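Have a look at it first, then read on.

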Amino acid sequence: MRLLHIFGLPPAASTYAADIDFGLRLLFASIIFIFFSWSVYLAYLVFRYRNKPGSRAEYEKSAGISKAMMPGAIVLVLEMILIIVWEIPVWGKIKEEIPQDSNKIEINVLAQQFAWNIQYPGPDGKFGRRKKELVNFSNPIGLDYNDPAAKDDVVLANELHLPLGKMAVIHLMSMDVIHDFAVPEFRIKQDIVPGMDIPLWITPTKVGTYDLACAQLCGFGHSLMVGHVIVQSPEDFAAWLKSKAPVSQTASSTNNF
Amino acid sequence: MSEHKMSFLKKYVFSTDHKVIAMQYMFTSLAALLIGFFFVLVMRWELAFPMHPIPLLGRLLSARLAPNGVMSPQLYNMLGAMHGTAMIFLGIAPLGFAAFGNYVLPLQVGAPDMAFPKINMFSYWSFVIGALILAASFFLPSGPLQSGWTAYPPLSEITRGTVFWILAMVFIINSSLLGAINFIVTGLNMRAPGLTLGRLPIFVWAQLVTAAIVLLAFPPVEAGAVLLLMDCVAHTSFYLPQGLMILGHASGASGGGQPILWQHLFWFLGHPEVYVLLLPAIGIVAEIIANNSRKPLYGYKAMVGSLLAILVLAFVVWAHHLYISGMSPFLSDFFAITTLAISVPSVILLTCLVFSLQGGSIRFTTPMLFALSFLPLFGIGGLTGIPLGVTVTDIYLHDTYYVIGHFHYVVVAGILMALFGGIYFWFPKWFGRKMNESLGKWHFWGTLIGINGTFFPMFILGLAGQSRRLWNPLAQAHNVPWQKWHVVSSVFSGILLLAQIPFIYNFFHSLFQGEKVSDNPWEATTLDWACPSPPPHGNFSSPVSVHRGPYEYSPPNNRDGWVPQNAEAA
């Protein structure tokens, strides 16, 4: 396990990161073990059965279908145990169902070439309506301010604030091409497909600032499509949200551009 | 058979002889490999030293592609997409399948030529047209494809260069389909008397299974590519949803399509394509190992069974590329199970090849060194695929450099090493001369060091969380501490280039000046060695018949230590 520290996994900062790290460590420990034991065996065979003057190959050592199948069968059994006991439940927990939590917050992430637009619903808990006709430089997501629900929404670019220890459900939407929401510290990744609203959940466990970098080639600016995830204590988060909340939504979004 | 007089053009250019066509494929695909390698060397400069002017080349490029000699992100994306396309569709697949298959398969079944020689010629020229269209796309104002070799819409529809890429793919796919039909008919129907299916060399089995995979996997992506073409030129919306806003402007597409549909169609080809690359290499390694360990292959039946199992399973694993694509997460468990299941036949194949050494009397010829290196290197490639096939760990590793490291270990460290071994092995058959052994060993060790030094750092980068396809990795703060590994990788890619110099020199030098050898210098048993080297038009001077299995090395009570398949029973 110590060996894996040369492979620098970034610090883990979400509730399910430990599950994924367990899987990575287990699989890499197995891979390294299998590779080295096979390599030693291979090296032994190559040395032991090298051509020597007068030596002759053993014709008989070639039959046997069952012995050839054995390693394959062992591999299959171990893999299926791994899938049934560990993989299917953990995958289900992370990706298939969003846990019920009355305390959760909801956030829209609207990706575009080459920026992350973040929309918080504000104190009313409702996202304002968006209209594509209204999209312009100062209103990148086309928020319709005639909608009462939109009045208290907070919209900003490339900054995703999350409260520590609180479940956040993030609705991933794209305005143009496929992007990918990836935060290595959370061990989470999800493609963002235009025309779809893909929900994703995170419960951060560590205060800090992490890169939010697009992980799916989205055009010439792909490598520059970097935002930040800022995990704050719930108090700091509430204070921050309040400071952003009132009238100056549009100003805040342009300032961050 | 008398050689009737033919003009140079008819004999070497528009030839219907499977051996000439094989050599045409060989030279074209080796050139494509070199060009694709050159593309990536330029990219590796940018990755190791982002925003530094490209040495030498930088000044030659236009200000649009490389302002002040620094690679533009557009150029990076073009080279990236063309590197993938050139290496896979113009390099490795035609080398392993079309070149080796065309030359060796008819010889190993004792046939005078392919079943359909004219279709064979048509395949090659269709392939050339596809390659030329791809090359031409560099000189268009739009430039070549910029959306990765996978061409995911909507990006591929809003960047330029996609139309020419699709046109080229249609020609290349048609070429592969016609080639596949030819291989299947030749391999099954033109076998010499006595050459039952149970006596076919593993190489022939591997080529037959490859051909069947090609025949089943390519048509869906070709149809899908035509839909993509319609989206690009006829403003349909097969892959475009409603309401796209491209850089703040509403797109004209009516919408109603689904971008993920393309990913399904693409990977329905894309994953079986990996086996199209792999199986010919396995076939080559099997021939070389049997020949150089001087004993029959271990578990012939298990190997054939595994090849057939791969033929089936290869078509039910494609969506493991789509775990986090937005596809329903409930589908992923199924594909995780099939993906881990397909590792079983691969493990059996590798096990049989390793066990084949047991009890052997191993000769360390250059082809054998390449074949032996395939075993651990492909092992790394295969084993590192497991965390990608497992859905949970794939969440973290997907789209990182780890994936790049994994498939380059499979395709370059595994498959390309095997193909090099095949070139050294069959060179005497093709030209009646042997390649130089010491230059071959320099090539082997240099390539081995270059490959591992280039691709191993990618695992480290990927586990650190670095994404693939980044023009400037340093634009993302979390990548900065790991930048040294990009430098290491780039330095070793230079070593990999240097290691190819002895090969290129050796190849052309041996073509004219190599040591002349007998028809069967490796003392091999299969039918390809029972005809003259190089084989004349029509291959076999007298009809051959087969009396035994393919690998009768060191049979008991035999003084020579090997019995050819076509030798009459004593």
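How many residues of domain 1 of chain A are in contact with domain 2 of chain A?

## Two domains in chain A

Nine residues of domain 1 touch 13 residues of domain 2, where contact means that the C-beta atoms, placed from the backbone, lie within 7 Å. On the domain 1 side, that makes seven nonpolar, two polar and no charged residues. Here Ala, Val, Leu, Ile, Met, Phe, Trp, Tyr, Cys and Pro count as nonpolar, Asp, Glu, Lys and Arg as charged, and the others, Gly among them, as polar.

Domain 1 covers 2-96 and domain 2 covers 105-255, with bounds from an automatic or database domain assignment. Their C-alpha centres are 40 Å apart.

## Ground rules

This is a predicted model: local features need pLDDT of at least 70 and side-chain atom pairs pLDDT 80 or more, while totals for chains, interfaces and linings use all residues. Residues are numbered from 1 along each chain as its sequence is written, with chains lettered from A and ligands numbered from 1 in the order in which they are written.

## Where A meets B

Chain A puts 78 residues in contact with 92 of chain B. H2(A) gives the most to chain A's side, with 16 residues; helices (H or I, at least four residues) and strands (E, at least two) are DSSP runs, numbered from the N terminus. By class, this side has 45 nonpolar, 17 polar and 16 charged residues.

## A bent helix in chain B

H12(B) bends by about 30° at B:Phe374, with B:Pro376 following within four residues. The bend is the angle between axes fitted to the seven residues ending there and the seven starting there.
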